[in-house]
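The sequence and structure come before the details.

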Amino acid sequence: MGELPLDINIQEPRWDQSTFLGRARHFFTVTDPRNLLLSGAQLEASRNIVQNYRAGVVIPGLTEDQLWRAKYVYDSAFHPDTGEKVILIGRMSAQVPMNMTITGCMLTFYRKTPTVVFWQWVNQSFNAIVNYSNRSGDAPITVGQLGTAYVSATTGAVATALGLKSLTKHLPPLIGRFVPFAAVAAANCINIPLMRQRELQVGIPVTDEAGQKLGQSATAAKQGIFQVVISRIGMAIPAMAIPPVIMNTLEKKDFLKRRPWLGAPLQVGLVGFCLVFATPLCCALFPQRSSIHVSRLEPELRAQIRQQNPSIEVVYYNKGL
C-alpha cells in the first residue's frame with residue numbers, strides 16, 4: 001500500500017455539504033455520543049494526525065478512513081475557529097445524552113412549580129455552555145456579558161414556563177405537557193443571541209471560497225444566529241412533542257398505573273430516541289459553512305471587498321452550532 005496522498009481536502013467535511021443528505025451524514029458523525037468516551041490521549045492523537053497532514057506530514061501506514069476518523073474526532077472536541085478543546089458537556093457529541101436527561105425530566109416533572117423552575121434552570125445552564133462553546137469566530141466575550149445572557153435566558157425560560165403553566169390549569173392534561181417545549185423555544189430565542197452578542201457587536205470572520213479572510217461582518221452573524229435558533233427549536237420539537245403524546249396514553253394503561261416509577265426512565269428513553277435522529281438532522285438544516293451575498297453585507301465591508309476583488313459575489317462564514 002502506497003503512502004496516503006496529500007490532496008485530500010480535510011478542511012471540508014467528507015460528504016457534500018451542498019446537499020441535506022451530505023450534511024446529515026456529517027452531523028450523525030459529529031454528534032455521535034461515543035466520541036465522549038474517547039480519552040484525552042486519543043483526542044490529542046487525532047489532533048496530531050490532522051495537524052500533521054495539513055502540514056504535509058503523513059504518518060506511515062495511515063489510511064484514508066483513519067484520516068477521516070481522526071478528522072471527525074478532532075472536530076468533535078476542538079473549536080473550529082479557536083482550536084481550543086471544548087468542555088465535555090459543551091461538545092455536540094454531548095447533545096443527545098445531556099438533552100435526553102434534562103428534557104426527559106422537564107417533561108416528567110412539569111406539574112409542580114419548584115421542579116419546573118429547577119429543570120428550566122438546569123436546561124438554560126446547559127444551553128449557556130453549549131452556545132458559548134459552539135459560537136462562531138474567535139471574538140472574546142466578557143464575564144459580564146456571559147452573566148447577563150445567562151440570567152436573561154434563565155429568567156425568560158422560567159417566566160414562560162410558569163406563565164403558561166398557570167394558563168393551562170383548567171385545560172386538558174395533554175396541553176400542560178407541552179408547556180416545557182414552549183418555554184424551551186422561547187429561551188432559545190433569548191439565550192443564543194445573548195450568549196453570542198459579541199458576534200453581533202464586532203461581527204464574525206467572512207472569507208472567500210478559498211478560505212482567505214476578507215473582514216468581519218455583523219450581518220453574517222445575524223444570519224448565522226437566526227439559523228442556529230431555528231435548528232435548536234427544530235431539535236426540540238420531536239423530543240418534546242412526541243413523548244408527551246405517548247406518555248399521556250401509556251399513563252392511562254394499567255401497566256404504568258401499577259408501576260409509576262417506570263414513568264421517568266421511559267420518558268427519558270423516548271426523548272433520547274427522538275434526539276438521536278433530531279439532533280443531527282436539525283443541525284443539517286443549514287450548512288455550517290454558510291454563505292451570504294456580498295450585496296447583503298455592511299456598506300463598508302461591501303466596498304472593501306469590491307475594491308480588493310470585484311469578482312467576489314458570495315462570501316462564507318462559520319455559522320456556529
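## Domains

Domain bounds, as used here, come from an automatic or database domain assignment. On that basis the chain of this predicted model is divided into domain 1, residues 20–85, and domain 2, residues 93–318. The C-alpha centres of domain 1 and domain 2 lie 25 Å apart. Domain 1 puts 18 residues into the contact, and domain 2 puts in 22 residues.

## Overall fold

Secondary structure in the chain amounts to 13 helices and four strands. The chain is as compact as a globular protein of its length, because its radius of gyration, 22 Å, is close to the 20 Å that the globule rule gives for 321 residues.

## The interface between the domains

The size of an interface is often given as the accessible area lost when the parts come together. For domain 1 and domain 2 the area buried between them is about 1,500 Å². Carbon and sulfur atoms account for 67% of that area.

Which element supplies the largest share of the side of domain 1 that touches domain 2? That element is helix α1, residues 20–30, with seven residues. Sorted by class, the side of domain 1 that touches domain 2 has eight nonpolar, six polar and four charged residues.

Polar links across the interface can be listed briefly. Two residue pairs are in polar contact between domain 1 and domain 2, both at pLDDT 80 or more. Salt bridges across the interface of domain 1 and domain 2 number zero by the rule applied.

## Salt bridges

How many salt bridges does the structure hold? The count is six.

Methods. Residues numbered from 1 in each chain as written. Predicted model: local features only at pLDDT ≥ 70, side-chain atom pairs only at ≥ 80, totals over all residues. Heavy atoms only, no water. Contact = heavy atoms within 4.5 Å. Buried area = accessible area lost by both parts, 1.4 Å probe. Salt bridge = Lys/Arg side-chain N within 4 Å of Asp/Glu carboxyl O. Polar contact = N/O pair within 3.5 Å; in protein donor to acceptor, adjacent residues only side chain to side chain. Helix = DSSP H or I, 4+ residues; strand = E, 2+ residues; numbered from the N terminus. Nonpolar A, V, L, I, M, F, W, Y, C, P; charged D, E, K, R; others polar. Rg over C-alpha atoms; globule rule 2.2 N^0.38 Å.
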